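Try each task before reading its solution.

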Amino acid sequence: MFYREAGQFKTSYKADQAVFPIFQDKVFVAIWLLIGFVVIPMLANEYVFRAIFIPVIIMALAAIGLNLLVGYCGQVSLGSGAFMAVGAYAAYNFMIRIPDLNPLICFLLGGLSATVVGVIFGIPSLRIKGFYLAVATLALQFFTDWTFSRIDWFTNYTPSGSIAVQPVAVWGFVFDSPIRKYLLCLTVLVIFTIIAKNLVRGRIGRAWMATRDMDVAAEIIGIRPIFAKLSAFAVSSFFIGVAGALWAFVHLGSWEPLAFDINLSFSILFMVIIGGLGSIVGGMLGAAFITLLPLFLNQLPIWLGINMSTAMVSHLEYMIFGALIIFFLAVEPLGLARIWQITKEKLRLWPFPH
Amino acid sequence: MKYDLLLRALLLSVPLVMIGCGQDEGESNSNNPPEATKSASNAEGIIVDVSDDNAQFIPVLSYRTGPYAPNGMPVANGFTEYLKVINARDGGINGVKISFEECETGYATARSIECYERLKNKGPTGAAVFNPMSTGATFAITEKAPVDKIPLITMGYGRSESRNGGVFPWNFPIYGTYWTAADVLITHLGNINGGLDNLKGKKIALVYHDSPFGKEPIPLLEKRASMHDFELSKLPVTHPGVEQKSTWIKIRKEQPDYVLLWGWGVMNSTAIKEATGVRYPRDQIYGIWWAGAEPDVRPAAADAVGYQAVSMISSGQAQVHKDILSYLYDAGLGSGEREGVGEVLYNVGLLNAALVVESIRKAQSKYGEKPLTGEQVRWGIENLNITEQNIQDLGLAGYMYPVNLSCSDHEGKRAARLHRWNGESWEYSTDWISGDDAVLQPMVKSASDTYAKEAGLDTTACDS
C-alpha cells in the first residue's frame, strides 16, 4: 500500500533512467537527507556524534568504495586498511609540506595518492583472480604497515611515529565541534554516494559488472579487462583513500600506523559482505552494523542494570557479535541490503498479501 | 519461517547467557559463600553509583581482555580497589565519595577514544581526570583533553615532552617519562662499567613494541649513543609481540652487550623465553617498568632469574594493602585474587589512584569539599605537593614518593631504582639512580617547542 508504483507511468527515457524511478523512493531519500542534515544535528549529543555518527559515516564511505571493487567488479581486496593509510598519510604530507593548501584539497590529493597505489597494486588482478588476488592485496597491507612505521619521512620524523593534527580549517572556518565534523563527513558521504551511484549505473559500472559476472564473456563483447579492473581499483581506492584521510583528520585527530592495520581491512570487508555485495545502500548498512553493534552490546548490560565485570562484557560482546554475523549470513546471505529490498517488496503488497 | 525458531532461540539465549555469566563472576570473586551474602549490604557506601550527585566521578580505562590482559588486570584492580578503600576506610575524600566506571579498551586506541567520549561527561561534574593506561591512547586524548578541559595523568608513560606544562598544561607524566627511564638505564649501564665513557664501542640493542610506546625512548637513546659512542641497534616487535624468533636470532648473531626491553603484555614473557632459547644471559637484559612485573617473568619461571627492570614501584605491602584486604576482600568485594594484592602492577595501579585522590584532595583545598570539575582538578595536580608525612598518613609508607609539581615540571621525579627477579619475587637491586637533566631538559624543550609550533599554540611561559 505504502510502496506501490501503480499509476506512475514512465513516459520518457529520462524518467525510465532516473536514479529513483519511483516516487516513494524519492520521498524516502528526501526524508533520510532531512533526518541526516536537520533532525540529527538538533537532537544528538556529543557522544553520539563522536562515537557513533562520525565513525559510521566515514566507514560507510570506505565500505562503498570497497563495494565498488568487490561487489561490482568482483575483485576481492584485503587492502582497504592500506588504502586508508595511504590516504591519511598522503593528506598529512601534503598539508605540512605545502603550507596554506586547503585541507579539503589535501583530502582529495590523499585520495588520488591512494588511487595511484591502488592502480599499481591492481595490476596483478589482470593475471590472478579470487583468493589469490586477496593474498596479493594482503601484501599491500603489510607493505604500507612497514612503510609508514619505518620510513620516518612520511611521519615528518616524529619521534614516536604518532601523528597529531589540528582540526580541519577551511577558509577560516574550523571544523572543531562534533556537529561541524559530522556535517562535513555527511556532506562528503552524500557527494561520493551520488558519484558512486551514477558510476555504477553508467558505462563504467556496467563494464565492472560484466567483468564480475564472467570476465571471458565480457572481453568477447568488447570490454577491455585492463580498463574495467584498473578503473575499479582506481575509483575504489580513491573513495577509501578519502575515507582514510577523514578517519585520521576528523575522527582520530592523532594516529599511529596501527590505526590502519589488517583488522581495519577485515572489518571493511565484513561491512561489504554483511551489508550486501553490489549495493550502495548495503555499504552504509554494513558500516552501521559492524561499527555500532559492538558498542551496543558493550553498553547493553549497563542499560539493563546487570552488574558484571567489564571483562565479561567484552567476552560476551565478541561471542554475540560473532554469533549474529553467522546468523545474518545464514538467514540472508545477500546481506542487509537484500533484507531492505525484501521489506520494500513486502510493503508493496501490505496489508493485502496474496 | 524456517529460521524463526533459530531466531527466537538466539534471542532467548542472550539474556540467559548474560545472567548465567554474571552469576559465575560473582561466585568466583568471593572465596567463601557466607561472606558473599553479607557483601550486598557492605557494598553500600563503597561502590557508589555514577548517578550520585554528591560523588566525585573518576573514569577508569582498563583492559581485562586481549593480549595485554595479564598486565592490564592487576593495574585495573589496584586502581579501582584504592578508590574503593578510600570510600570504605575514609568515607571518601574529605567526605566526598568516589564513584567510578570502568570501560574496556583492549589497549586499542580507537576503543580508548570511544571510552573517553563515553565517560567524559558522566557524574555530576564530568570526569575528574583520565588515566589512559596506554601511550597510543595518550597521544590521541592529548588532542582532545584541552578542548574538554579534563587533565590526564600518565604515570610513567605518555609523551615524554609533556612534562613541560607550559606547552602541555593538561598532561601530567608524574614519576617519570620514558626518556627519564631510558636515561636511568643508560646511567646504570655507565655505573656498572665504571663511567659512561666506558660505554664506548659497546653494543646496546633496544627490543621494542612497535608502537608509540616502544618508540618513545629512541630519541633519548640515540642522543646518548652519539654522546658516548655506543652502538644502538633498534629491533621492533610487531603488536602483540608473540612472534619474536627473528629478533632474538638476530641478537644471538650480533651478541649485543646489553638488551633493553621495551615491551608490554605477552611480549615480555615471550621475549624472556626467546632469550632463554638463544641463551642470551638474562642478567644483561634490562626492562622498562612496564616489563618488570610478575606476569612477565612467571611464564619463564627459573629462566627469568637475574632479569632486571627499572622500577617505578616494586611488589610488597604497606598499611593500605592490609586495609584493602580487611575492608574489601574480607567482605567479598575484592576484584581479583587475594594473592594479587601487592604485586608490582597492582601497586602501580594503586600508586596511580593515590595520585588521583591526592590531586582531588589538593583541589578541594581551593575549591571546596564537593565534586569538582576537570579544570579544578587540573589545578590540584599542578600544585600537588606530597610530603613524606602525607604518605605516612595515607598508609602508603614506602609505596609512594614525595613529589612537588609545578607548571614547568609536570613530572616531579627523575630518579628510579632497578629491581631484579630472584625467581620468587622482585627485589630492589640498586639504589636510586637519577637521570641527567642536563640531557633531558634541552630535549624536552625542543620537542615541546616543535609540538607548540605545529599545533599553533601560544605557549604560556611558566612563572615558577
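**Exercise 1.** Find what share of the contacts in chain A between residues at least 6 apart in sequence join residues at least 24 apart.

*Solution.* Note that this is a predicted model. Take the contacts in chain A between residues at least 6 apart in sequence. Of these, 76% join residues at least 24 apart.

**Exercise 2.** Decide whether the radius of gyration of chain A agrees or disagrees with that of a compact globule.

*Solution.* Start with the length: chain A has 354 residues. A compact globule with 354 residues would have a radius of gyration near 20 Å. Chain A has 21 Å, so the value agrees. For the extent, the C-alpha trace spans about 70 × 60 × 45 Å along its principal axes. For burial, 46% of the residues in chain A are buried.

**Exercise 3.** Count the helices and strands of chain A.

*Solution.* Chain A has 14 helices. Its strands number four.

**Exercise 4.** Describe how helices H4(A) and H5(A) are oriented to each other.

*Solution.* First locate them: H4 covers residues 80-97 of chain A, and H5 covers residues 103-122. Their axes come within 7 Å. They cross at roughly 135 degrees. Angles over 145 degrees would count as roughly antiparallel, and 65 to 115 as roughly perpendicular. H4(A) and H5(A) are therefore oblique. Their crossing is right-handed.

**Exercise 5.** Which residues meet where H4(A) and H5(A) touch, and how do they divide by type?

*Solution.* H4(A) contributes residues including Phe83(A), Val86(A), Phe94(A) and Met95(A). Among those from H5(A) are Pro103(A), Phe107(A), Leu109(A) and Val117(A). The residues of this contact divide into 13 nonpolar, five polar and no charged.

Methods:
Residues numbered from 1 in each chain as written. Chains lettered and ligands numbered in written order. Predicted model: local features only at pLDDT ≥ 70, side-chain atom pairs only at ≥ 80, totals over all residues. Helix = DSSP H or I, 4+ residues; strand = E, 2+ residues; numbered from the N terminus. Rg over C-alpha atoms; globule rule 2.2 N^0.38 Å. Buried ≥ 20, exposed ≤ 12 C-beta atoms within 10 Å, placed from the backbone. Contact = placed C-beta atoms within 7 Å. Axes fitted to C-alpha atoms, helices over the stretch in contact; angles between N-to-C directions. Parallel < 35°, antiparallel > 145°, perpendicular 65-115°, else oblique. Left-handed = near helix turned anticlockwise from the far one by under 90°. Nonpolar A, V, L, I, M, F, W, Y, C, P; charged D, E, K, R; others polar.
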